[in-house]
Amino acid sequence: MLRADPRIGGVFSSRNILLAGVGFLFAWLLLLPAAPAQAALAGFLLAAGGWLWLTHRGQLQELRIERHHRPRVFENDPLTVTLRVVRGRGWPVQMLEIEDQFGASLQIAQRHLVPGLHEGWEVLIHYPVVAERHRGLYLIGPVNVRAADPFGIFHEQRQIETLTRLTVYPRAQPLGEYTIPGPEAAPGPSLDVAARLGQGDEILTVREYRPGDPPARIHWRTSARRGALHVMQLNRTVQAELAVYIDLSRRARYGLGGEATTELAITAATSILTRAHEARHRVSLAYAQREPVFFPPGSGLAHLHLLLDRLAIVEPGGETDFWRHIVPRALELPAGSRAVLIVTAGVMPFEAAREMVRRLVARQVGVDLVLIDEEGFIRIYKDQEVDLRRGQPGFAELVEALSQSGARVFPLRRGAAELPPHPVAAAARPDWSRRGAA
């Protein structure tokens, strides 16, 4: 066991105590009348010890350390951290011990050894690490450094405030057969094409004239050839928007810590937003917490980081009514868009949810319903026992009924690694919702 005295910078170990005893012996020999050779040897050893103490005192003051790593990473993903160690003016530093504090890993202390560092030298230390801890914002650092003289008698230690931030995103689990509508290979934001009569730059088909069709759309060549009026059926491009709505209120949370229904909801939202970004859609986010929180639609990597940064630090709670303050915003989505509702089944008002799905489908807005089964999670509030699926069918019947209303329903249970599609979901989707699907 080593004990450091900050006043003199020494380490009290058995070896150092022995060396100190030898030093006192030589000092005593200097005070005795003895041969000149003995006095010279004792004086040399004492001078050497004093020189070591003077030259290695304050040797870490001119040391500078910088840390570089990716600013964002998903849970359980590896990343490489680089420490740039620069030695300023002063005597060479021997046996430099570096301990970096990486709080996002289960192994927080990352230790390294630099045998020697001379004036003006620079050393790069690369070490791999895994972000094993829960989603959130982590402050990485500081760096503890320690060095000693070549004999290990005198040492110095210092804490360098090299602090960097690391955002750990929720783990994006695979979503099985979940598909994002729209062409995934198109440059820029994807466009969903809705076939309708109106302005456009592409003729989809030519059909017979109907009362009310604008005369400007009459295709005269076809009309002359067939002896009856025909009009052009043009397309109208609608930019596809995918809106994710999450119920993170207090009543929707079953379980504790990382084993909670709201954590499953955040994980599913991360996966869907990431896949929508890959498909080059405009995406928006809204969730019910202590108050309704809305993020406007946008596209691009910077917008995706904005949404995932919030999901990394959001804490479930609050009494906001998800179906009253959040979901009605989906009625403002343009035709051809898609609303993704991520809810806990036990607190979902069945009739209100089914009616909302029908209204959205009637407005030609696709509905994906990620339904979390709270069975197997701990009830942490008293009112959850009372509200548990009060007056609504069981989970299987709930999935069946919502699928028949026109939504794609994806059950999500505890321990599931993906979102398996319900067999009725694909058959219940209208034809227009499949147009442009990947």
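## A pair of valines in the sheet

Let's start with one residue pair in this predicted model: valine 244 sits opposite valine 340, a residue of strand S21. The two strands around this spot are S16 (residues 241-247) and S21 (residues 338-344), which pair in the parallel sense over five bridges.

Stepping back, an open sheet of six strands comes into view, with the order S20-S19-S16-S21-S22-S23 and mixed pairing. Strands S20 (292-298) and S23 (408-412) are at the edges with a single partner strand each, so one side of each has no neighbour in the sheet. On average, neighbouring strands here are turned by 15° against each other, direction ignored.

## Helices against the strands

Helix H4 (residues 261-278) packs on this sheet and touches S16, S19 (282-288), S21, S22 (366-372) and S23. The direction of H4 makes about 170° with that of S16. Helix H5 (residues 301-313) lies across S16, S19 and S20, and runs at about 160° to S20.

Nonpolar side chains tend to be buried together in soluble globular proteins. Here, the largest nonpolar core has 37 residues, and Val244, Ile246, Ile272 and Ile342 have the most contacts inside it. At least two residues of this core come from each of S16, H4, S19, S20, H5, S21, S22 and S23, with H4 giving the largest share, eight residues.

Which residues does isoleucine 246 touch, leaving aside neighbours within four places in sequence? They are Ala265, Ala269, Leu285, Ala286, Tyr287, Ala288, Leu311, Phe322 and Ile342. A second, separate core has 33 residues, including Ala288, Phe322, Trp323 and Met356.

Definitions and conventions. Residues are numbered from 1 along each chain as its sequence is written. This is a predicted model: local features need pLDDT of at least 70, side-chain atom pairs count only at pLDDT 80 or more; totals for chains, interfaces and linings use all residues. Side-chain values use heavy atoms; hydrogens and water are left out. Two strands pair if DSSP finds at least two bridges between them. Helices (H or I, at least four residues) and strands (E, at least two) are DSSP runs, numbered from the N terminus. Axes are lines fitted to C-alpha atoms, for helices over the stretch in contact, and angles run from 0 to 180 degrees between N-to-C directions. Contact means heavy atoms within 4.5 Å. A nonpolar core is a set of buried Ala, Val, Leu, Ile, Met, Phe, Trp, Tyr and Cys residues joined through side-chain atoms within 4.5 Å. Buried means under 20% relative accessible area, exposed over 50%, partly exposed in between (1.4 Å probe, protein chains only).
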